[in-house]
Amino acid sequence: MAKLLRGFRDLFEEEAQKLTTVEKAARSVFKIYGAKELRLPTLELKEIFIKATGQTTDIVQKEMYAFEDGGGRLVAMRPEGTPGVARAYIENNFQENPLQKFFYIGNMFRAERPQAGRYREFEQIGLEYIGNASPAADAEVILMLKAIFDKLGVKNYKVKINSIGCKECRPKFREDLIKFFTAQKDSLCEKCQTRLEVNPLRVLDCKIDGPKFTQSAPKQILCPACQKHFDEVKKYLDGKVPFEVDPCLVRGLDYYTKTVFEFQADIAGAQNALAAGGRYDDLIASMGGPKVPAVGWALGAERVALASSFEEQKSKTIFVVSVEESANNYAFNILQTLREKGLSAQGGLFDKNLKAQMKQANKINASYAIIVGGNEVSKNTAVLKDLTSGEQKELSLNDLLANLEGK
Ligand code: HAM
């Protein structure tokens, strides 16, 4: 009965800490770039994702946790953050001050087939830069992501970029692809055969069919405005981050226009997209908002943590032991004083004997034990034991604190 759902996880200390480290790195970069936090609800009207993420996407067709709530509304656990940000932007009348840079940190839900680095509940850290149509904005958000990866010591990652054009130039590309793939429908995988008509761009990044057609598939011919935009993005990025132009990078969400990008790395046996995003100049208007351009990304916090090489900070814990009932109160005061001084201290197992208390100190990998009995109470001292070297010395309480604060 007490069983975890498939694809969901309990994250204990070590893994939770890694996510916190990724969040901290991201927050420090957001501060430098002037992005403001936006906490979004987990549940939204299902319609929002159908409209924004796209009716024909895998996310909406197969992966959403959607249900009817008690009030008969069709709702969904958010599979991604961008539609919620767009909704919040529209509802809160940012028209007055259209230039906004938001970031969000939160769990997303997708009923995908679980595997290493792919979960049904996962954390995204996302950034949405709304109101800036300049290619400088595309470059800026990509460089923010790079700054976060650098802070975390993520190495050997690749930045892939592409432009998928706009309302003007994409329909022609779509048609060319439909024509091209229809002619070889029989050689497509089952999934691509069904999505060929509705989303032919997706065939290009299908793991099975994509590589077969990389060379031969028709290429996107960008309209002059999209070409200029893309050329400028590349120019802004030049020399600041190594990137590859990948004409097969198309992304699985419907709202993108012009620039799309992905940060990829090989993490042993796991999914390789660490972060991804792009420009979405038509989304906000298509959801009933003002015509305002936007560009953004989201990183998968678990995947980025897997690829990071940060050193974990192990805090030194002090374990306070009382060997006699008459010293319990004295020991408890020491324990609290240490904590008030900002030191990591544990103990308080005063109903146990010395041996059992020391055993617990070892179990939690404490660096020091402070041991007190009636003798120490009468002299206002304590015994400080270094649990690594085994060395111990008796110190006055003042010296003890000075000693530990310096460690
Ligand atoms: P996405 O590519 O669907 O884009 O997801 C972004 C990142 O979330 C992925 O690169 C990956 O690291 C992580 N991710 C996705 N699915 C899973 C999963 N099942 N388990 C673990 N990690 C996962 C978006 O969601 C867009 N909203 C990004 C964006 C923001 N575009 C513009 N603004």
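**Strand pairing, helix packing and cysteines in the predicted model**

Strands 15 and 16, spanning residues 381-386 and 392-396, pair in the antiparallel sense through 5 bridges. The structure described here is a predicted model. Within this pairing, Lys385 has Gln392 of strand 16 as its bridge partner. The two strands form a hairpin, with 5 residues between strand 15 and strand 16. In the turn, Gly390 adopts a positive phi of about 85°.

Helix packing was examined for helix 13 (residues 328-340) and helix 16 (residues 397-405). The axes of helix 13 and helix 16 come within 12 Å, and the crossing angle is roughly 35°. The crossing of this pair is right-handed. On the side of helix 13, the contact is made by Tyr330, Ile334, Thr337 and Leu338. Helix 16 contributes Leu397, Leu400, Leu401 and Leu404.

At the level of the whole chain, the domain assignment gives two segments, 13-169 and 220-307, for domain 1, and residues 318-405 for domain 2. The centres of domain 1 and domain 2, taken over C-alpha atoms, are separated by 50 Å.

The cysteines were then considered. The count of disulfides is 0. For Cys206, the closest cysteine sulfur is that of Cys192, at 3.6 Å, which is too far for a bond, because a disulfide requires the two sulfur atoms to lie within 2.5 Å. Cys226 is likewise in no disulfide, the nearest cysteine sulfur being that of Cys166, 3.5 Å away. Cys206 is buried, with a relative accessible area of 8%. Cys226 is also buried, and its relative accessible area is 1%.

Positive phi values were also found at residues other than glycine. Arg251 is not a glycine, yet has a positive phi of about 70°. Arg251 is placed in the loop between strand 8 (244-245) and strand 9 (257-264). With a relative accessibility of 14%, Arg251 counts as buried, because the limit for this class is under 20%. Asn365, again not a glycine, has a positive phi of about 65°. The loop that holds Asn365 runs between helix 14 (354-363) and strand 14 (368-372). Asn365 counts as exposed at 64% relative accessibility, since exposed residues are those over 50%. Thus Arg251 is buried, whereas Asn365 is exposed.

Notes: Residues are numbered from 1 along each chain as its sequence is written. This is a predicted model: local features need pLDDT of at least 70, side-chain atom pairs count only at pLDDT 80 or more; totals for chains, interfaces and linings use all residues. Side-chain values use heavy atoms; hydrogens and water are left out. Domain bounds come from an automatic or database domain assignment. Buried means under 20% relative accessible area, exposed over 50%, partly exposed in between (1.4 Å probe, protein chains only). Two strands pair if DSSP finds at least two bridges between them. Helices (H or I, at least four residues) and strands (E, at least two) are DSSP runs, numbered from the N terminus. Axes are lines fitted to C-alpha atoms, for helices over the stretch in contact, and angles run from 0 to 180 degrees between N-to-C directions. A crossing is left-handed if the near helix is turned anticlockwise from the far one by less than a right angle, and right-handed if clockwise. Contact means heavy atoms within 4.5 Å.
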